[in-house]
Amino acid sequence: MKSSRAKVAKSEPSERTADQWSVATFMTPQPITIGRRETLATAHRLMRDSGVRHLPVLEHGDLVGVVTQRDLYFLETIRGVDLDDDVVEDAMTTDTYAVTPDTAVATVARQMARKRYGCAVVMERGRVAGIFTATDALRLVSAFAPLSKAPAKAPARSAPRRTTSATHTD
């Protein structure tokens, strides 16, 4: 289990198109990971202390799943779950989206949106090299979105139709 999160400054891509930018440019390198046999309480603590919502789950250094803050919150609603006894393996998903560092960030973002994944684990030579989350994608969009060309006022949405019910008076 890694206990530190090294966040490096993201360099601005050159004049390449979004399809040419690699996910490695925008990922969070060396993410905090957790073992599948660690307790749910440990996962909560790591997420809280590090300000993250996704932890790649490892067994003997191999990626076996991802556990999210949402997974943990859901499990807490189930009667009989004990954060100090139950383990990450009980909460994690094994349907993990993994990519290589040279995968185009546009490809990763499209797949994440299509499949509603909260993150992509970046793997290099069989090891976790980074993580690209929906938050990283939003940072990317906000860094390159032209603020000066935004409309002064958002177009008004039509109000939903309200149905009225008859009131009974005594």
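Okay, a bit of housekeeping. What we have is a predicted model, where local features need pLDDT of at least 70 and side-chain atom pairs count only at pLDDT 80 or more, while totals for chains, interfaces and linings use all residues. Residues are numbered from 1 along each chain as its sequence is written, and side-chain values use heavy atoms, with hydrogens and water left out.

So, the layout. The protein has 5 helices and 7 strands; helices here are DSSP runs of H or I with at least four residues, strands are runs of E with at least two, and both are numbered from the N terminus. Reading from the N terminus, the order is α-β-β-α-β-β-α-β-α-β-β-α. Of the 170 residues, 36% are buried, and buried means under 20% relative accessible area, with exposed over 50% and partly exposed in between, using a 1.4 Å probe and protein chains only. If you take contacts with a separation of 6 or more, 58% come from residues 24 or more positions apart. A contact is heavy atoms within 4.5 Å.

Now look at strand E3, residues 54–59. In E3, 5 of the 6 residues are buried. Who are its partners? On one hand there's strand E2, residues 34–35, which pairs with E3 in the parallel sense over 2 bridges; two strands count as paired if DSSP finds at least two bridges between them. Ile34 has Val57 of E3 as its bridge partner. On the other hand there's strand E4, residues 62–68, running antiparallel to E3 and joined to it by 6 bridges. The E3 and E4 hairpin leaves 2 residues between the strands, and His60 takes a positive phi near 55°.

Next, the aromatic rings. A pair of aromatic rings is described by the distance of the centres and the angle of the planes. The rule takes rings of Phe, Tyr and Trp (its six-membered ring) with centres within 6.5 Å, and calls planes under 30 degrees apart stacked, over 60 edge-to-face and the rest tilted. That gives 2 aromatic pairs. In one, the ring centres of Trp21 and Phe26 are 5.6 Å apart with planes at 50°, so this pair is tilted. Trp21 is buried at 12% relative accessibility, and Phe26 is buried at 7%. Then we have Tyr97 and Tyr117, with centres 5.3 Å apart and planes at 20°, so that pair is stacked. This one links distant parts of the chain: Tyr97 is in the loop between helix H3 (69–76) and strand E5 (98–99), and Tyr117 is 20 residues away in the loop between helix H4 (105–115) and strand E6 (119–124). Tyr97 is buried too, with a relative accessible area of 15%.

Tyr117 comes up again at the largest pocket. Which residues lie nearest the centre of that pocket? They are His54, Arg116, Tyr117, Gly118 and Cys119, out of 21 lining residues. At least two lining residues come from each of E4, H3, H4, E6 and helix H5 (134–144).

Last stop: Thr133, in strand E7, residues 127–133. Is Thr133 buried or exposed? Thr133 is at 11% relative accessibility, so it counts as buried. Leaving aside residues up to four places away in sequence, Thr133 touches His54, Met112, Gly118 and Cys119. That's my tour, thanks.

Notes
1 Å grid on protein atoms, 1.4 Å probe; cavity = no way out; pocket = protein on both sides within 12 Å on 5 of 7 lines; lining within 4 Å.
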